[in-house]
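Welcome! Please take a look at the sequence and the structure shown here, and then walk through the points that follow.

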Amino acid sequence: AILIGMIISNTIKLDNKYSSGITYAEKSILAFAIATLGINLDFSVLANLGFSTIIIVLGMIVTIYSTLFIAQFFGIDKKFALLLGIGT
């Protein structure tokens, strides 16, 4: 969905009448959707994995910091980048 949105926003020029809806969706709905993805994470399953848990947690940390670094490179808002990194 993010890739489709990037393609559309860079190829099709939308009227200004859509800007308030787009702003609402990216600020409120996207944040809520990403937050609800984290609800599905079951920590008891992670605890039973043993050594694999360490690898998973390290992967999460690397993903979040990578997203922050890439966002800084492209000039994206830090809060939005953090939201994307955690969601990923």
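**A first look**

The protein is built from five helices and zero strands, so its pattern along the sequence reads α-α-α-α-α.

**Overall picture**

- The protein has 88 residues, and buried residues make up 8% of them.
- Its accessible surface comes to about 7,400 Å², with 70% of that belonging to carbon and sulfur atoms.

**How confident is the prediction?**

- The average pLDDT of the protein is 81, and 89% of the residues score at least 70.
- Which helix has the lowest confidence, and which the highest? Helix α3 (residues 43–48) is lowest, with a mean of 68, while α4 is highest, at 85.

**Along helix α4**

- Ile54 counts as partly exposed because its relative accessibility is 47%.
- Thr67 also lies in helix α4. Is Thr67 buried or exposed? Its relative accessibility is 18%, so Thr67 counts as buried; the cut-off for buried is under 20%.
- If you set aside neighbours within four places in sequence, Thr67 is in contact with Ala81, Leu84 and Gly85.

**An aromatic pair**

- The structure holds one aromatic pair. The partners are Phe73 and Phe74, whose ring centres are 5.1 Å apart.
- Why is this pair called edge-to-face? The planes of the Phe73 and Phe74 rings stand at 80°, so the pair is edge-to-face; the cut-off for that label is over 60 degrees.
- Both values are needed because a pair of aromatic rings is described by the distance of the centres and the angle of the planes.
- Phe73 and Phe74 are both exposed.

- Ile34 is found in helix α2, and Gly87 has its place in helix α5 (residues 78–87).
- Ile34 counts as buried because its relative accessibility is 13%. Gly87, with a relative accessible area of 28%, is partly exposed.
- Beyond residues within four places in sequence, Ile34 is in contact with Leu83, Leu84 and Gly87.
- Counting in that way, Gly87 is in contact with Ile34 and Leu37. The C-alpha atoms of Gly87 and Leu37 are 7.0 Å apart in space, and the two residues are 50 residues apart in sequence.

**Leu30, also in helix α2**

- Leu30 is found in helix α2, which runs over residues 19–37.
- With a relative accessible area of 26%, Leu30 is partly exposed.
- Which residues does Leu30 touch, not counting those up to four places away in sequence? Leu30 touches Ala25 and Phe80.
- Leu30 and Leu84 are 54 residues apart along the chain, and their C-alpha atoms are separated by 9.4 Å.

Notes
Residues numbered from 1 in each chain as written. Predicted model: local features only at pLDDT ≥ 70, side-chain atom pairs only at ≥ 80, totals over all residues. Heavy atoms only, no water. Buried < 20%, exposed > 50% of the residue type's maximum accessible area, 1.4 Å probe, protein only. Helix = DSSP H or I, 4+ residues; strand = E, 2+ residues; numbered from the N terminus. Contact = heavy atoms within 4.5 Å. Phe/Tyr/Trp six-rings, centres within 6.5 Å; stacked < 30°, edge-to-face > 60°. Areas by Shrake-Rupley, 256 points an atom, 1.4 Å probe, with all protein chains shown as cover. pLDDT = per-residue confidence, 0-100.
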